[in-house]
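Reader: Please show the model, so that its architecture may then be discussed in questions and answers.

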Amino acid sequence: MRPDAALDPSRRRAARWGLALLAPPVLLAVLAPLFGKPRAGPMLAAPSLAHPFGTDDLGHDLLLLLAQGARVSFEVGGYATAIALLLGLALGLVAAFGGRLADDLVMRGAELTVTVPPLLLAIVLVGLFGAGNLLTALALGIGTWPMVARVVRAAAYGLRGQPHVIAARALGVSRPMIALRHVLPAILPLALSLTGVLFSGAVLAEATLSFVGLTDHTMPGWGHIMAHAGPYLRDAWWLWFFPGGLLVMTTAGVAWIADAA
Amino acid sequence: MGRYLLRRLLQMPFGLAVVGSLAFLLIHLAPGGPVTALSGEYATAELRQEIERRYGLDRPLAERYLAWAGAVLSGDLGRSYLHKAPVADVILERLPATLSIVLPAAFLSLLLGGAIGLLATRAPGAPRNMLAPVLALMGHMMPTFWIAQGLVLLFALKLGWFPVQGLDDPRAIRPELGDRLRHLVLPVTALAIHQLAMMALILRAALQAEVARPYMVTALAKGLDFPRARRRHALVNALHPVLAVMGGRIGATFVGAIAVEIVFALPGLGRLIVSAAINRDHPLVLGIALAVCAAAMLGNLLTDLMMNRFDPRMAIDRDETSHAA
Amino acid sequence: MHLCRFALLPLCLTLAFAPAATSVVAQQPLTVVAAVAADPGHLNPAITTGSPTHAVADSLFNGLVVLDEKGEPQPDLALRWQLSEDGTRARFELAPNAKWHDGQPVTADDVKFTIERVLVKHHARTRASLGPVLDSIEVLSPTSLEFRLRRPHPALIQQLDVTEAPILPRHVYGEGDIETNPANLRPVGSGPYRFESYAKDDRVVLARNASYFKPGLPKPDRVVFRVIPDGATQAQALAAGEVDFVGRVAPNEIQRLQRSGKVTTTDVRFGPGGGNCIMTLGFNLDRPSLQSREVREAFAAAIDRRQFVERLLLDHGRVADAPISSGIPWAHAASSFPASLFDPARARMLLDQAGLKPDAQGVRLTVELVQFASFGRYADLLREQLGAVGIRVQPRLVDPAAMVDAVFRQRAFDLTLISYCNGTDPEIGVNRMYLSSNIGNIPFSNAAAYRNPEVDELIAAAGAITNRERRAEAYRAMQQIVVKDLPYVWLVETDFTAAWRNELTGFAAWSGQFAERAARR
């Protein structure tokens, strides 16, 4: 967290915009269980009072479908972000406090990992182990930890020279203890500020996987809905517009909030 | 500097070895065991037996690893069960289609992204403009397939300017340049939009740092107007980080091509890896992934070496910056 | 719409090329571009009944006969034929000038080889119908042969067309395992087109067979099959003139294509995969959980088939109210499997009785549905309807080659969805689904692994009678039994619509060799 964040009006404005963008998809995800299962109605009905987002080719209410999809997106995005943060924090601290060899290993590992795009890793794992939201999240988390680890390591290096850390060392506090007690709390906000990038990246990757048909078909995500919009692009603009719109609102909203934090 | 180069060169085979070992580990963890992972879930009994014979699955792990690694290093990535052909051949067959959209898209994004990044850079002290954030939103937050669908809707279906699908007109006996270009426009544009936002943002950030430097102040003081100084002086220096990032984005570009190839029914590697994953053609999935990783590492290495050659400021240990993306 | 502005720049640059490209195309020799929905995987039509292979490969081969628009047999490789009085012998005279694409003559020996060693082993429909009946094929001379049958086989001549019985050259396919023969990917046939190239997931290119034995044919110089998985993209490409012919238009695209005024459409009951097709859900009866008849009945009661007609077929088809298609009216046991069976409450009750109680998430049973990716929307509707009674369906949508391997070789599935085409006679396309001798590694055979001696007998009896009334009785009895046993849920009868650009004419949309006489209007 930048110290002046709260004071800068343009940042505050960005955060407010971000929240406004993010609110509808979050609301959908939260309310999804209340909506119940989508029931058949008229096919390809344009948005109306009865079906605010219209219906798809099977007559499903698009709003309900998108609410279910929102849960998938937030689940995968949330888990992937958590995994990347945990791995990144742990490995970043190990790199900063674990000595030369550990540092080298972690940093080489990070370099290696960034050559493998997270989505590619997800495709490989899904191909070998079968589709599943948790597996997807795991792949995306593993694919993005270096981003966190690098920031954490750099910040931790900076903190090593701080008086309170030097003092703790002089008192004979062990290195893991220093890392956890004195450094972690200070760099946690910085790591958390990466949440936006991680989360929106994971949501986008999930949508792509579900678009190409590599996700659990029992829980259709936004990408699945958009893949089926293809045949109706000309007549049913809502099938293309709403899922994509929600997706962009989610990714952009999260990114702006995180940017302002 | 010599030591850095040497280390960098050694890193490549080392990295490949690590990635390869991880792949080998995955093969053994996969449900159905290594035979299934090496032959594909629905492979024939004959293929399974051949795999067992070749890698001696009763032998110790280390021995099997060496056999497998030896095969991979000699370019033998196994046999695709679905295509009934060596994985390497299948990949090479599909490579041109992917390259034909990825390379123009990279070029276009560099050009357009560069232009936008240049124009978005303001003189020190000038007011913050919204172009860059909006661009980031546009390019980076929109899924490529959504953009691709939108382009088809507007330019192919509504306006009829460009073909709906494919890389060429199958009626043409010989490939024709005009026909090819017409088919490439929409897929390349879809792919480039995603890339160009990234390019614009990085260039703008780099330029913003450059224009605050003393030499710019001098140039401006000598009476050069800002846009010209920006283009003549700052741009050259700011290009380096952009190139570095480009080299590191080979993998990401490939991933972007997946959705584009599916929307436009192009016979490329992206569609191939998805179909391989869906059809449980494990050797093909692993083969493509390994090939993409190798290409990404090579790209990284080449850009690093280039930067080292051309930019003396980069001759220090660049661990922190080489992959910032 | 910021993206338009950015997209426009590169677009305009290349727009200049557009007019030049189209005018060149118009002066070229005639190439017909046909869209197919799935990659064929291989091009040997004698070892599969799969429509992705037949859609392409039927143009490379010939049958002994060809069916005209009314389904009547006309000469193809056989110039004439004669049935003996008792119906157990059929003699054929081959066209003396018919040649394989490599220049060798087509002989009676090739026919004998293909039917005895390939078709009755690997072609699910011909295996089930001709297999039990065929005693031997006698080669009388290089160009004449005689079928010797154990008993009369009413459907014989009708099922000797290129879809049911494509003839292969023995000197190419005779050695080794036919399933792995390299010629499956580089076929050598006798048909109007010869193989030129095959790029998987992209296209198959066929070139005019200049020494074809039918004078003046084929008319187009080349036929290109372009793999376009998405039905909408196919139709869009057709309307835009990128594609000339679509053999099976997606139901939701038909009206629009008709309205466009650029395209001719026609309804066909037949096609390269066969005719009178019923989209069928098959149970894997090897799975203990699906061996209970009550559980299978619960599936049938949970599925509202009218929705499939209404939402997926848009009324281009009807509920399959009997195991045999209504397109064979004399054998069709109307209302033996009525749409009114839909009763979700009953489905829940049956599942309760079978001891399949819902868990905390309301799931009683999880089943894996392995099927073609091109039938993806069926999977969505099945998942939803079965999910409503607590049956969780996990669809696995794969390519034809993987589907055949998963279902027929490894039997790694719980449910599968297959378009079983009945053909013009139950002998052709029905028997294969039920005969216990037709279980195993034969694509599109008895997927359920259904065994019932009574049904085996009834089918054999029906085949042995020539009297249509009495055959019908046997088939009705057979249908009553399979409806009770429920190895399958017969979902919907699908109608096909073919479409081609108005600039062209002469397509035989009902036939595998659809492009033989196509020409510019």
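Author: Two strands pair if DSSP finds at least two bridges between them. Helices (H or I, at least four residues) and strands (E, at least two) are DSSP runs, numbered from the N terminus. This is a predicted model, in which local features need pLDDT of at least 70 and side-chain atom pairs count only at pLDDT 80 or more, while totals for chains, interfaces and linings use all residues. Residues are numbered from 1 along each chain as its sequence is written, and chains are lettered from A and ligands numbered from 1 in the order in which they are written.

Reader: Which residue in strand 7 of chain C stands opposite E138(C)?

Author: Strand 6 of chain C is joined to strand 7 (residues 144–149) of chain C by six bridges, and the two run antiparallel. In strand 7 of chain C, the residue opposite E138(C) is E146(C).

Reader: What is the strand order of the open sheet of chain C?

Author: The edge strands, each pairing on one side only, are strand 4 (78–83) and strand 6 (134–141) of chain C. From one strand to the next, the twist averages 20 degrees. The open sheet has four strands with antiparallel pairing, in the order 4-5-7-6.

Reader: How are helix 7 and helix 8 of chain C oriented, roughly parallel or roughly antiparallel?

Author: Axes are lines fitted to C-alpha atoms, for helices over the stretch in contact, and angles run from 0 to 180 degrees between N-to-C directions. The axes of helix 7 (residues 231–239) and helix 8 (residues 251–260) of chain C come within 11 Å and cross at roughly 5 degrees. Angles under 35 degrees count as roughly parallel, over 145 as roughly antiparallel, 65 to 115 as roughly perpendicular and the rest as oblique. Helix 7 of chain C is therefore, relative to helix 8 of chain C, roughly parallel.

Reader: Why is helix 4 of chain A largely enclosed by the rest of the structure?

Author: A residue is buried if 20 or more other C-beta atoms lie within 10 Å of its own, exposed if 12 or fewer, and partly exposed in between, with C-beta atoms placed from the backbone. Among the buried residues of helix 4 of chain A are P118(A), I123(A) and L128(A). The helix is largely enclosed because, of its twelve residues, those buried number eleven.

Reader: Which residue just after helix 4 of chain A takes a positive phi?

Author: Helix 4 of chain A covers residues 118–129 and reaches 16 Å from its first C-alpha to its last. Just after this helix, a positive phi of about 95 degrees is taken by G130(A).

Note on methods:
Expected span 1.5 Å × (residues − 1).
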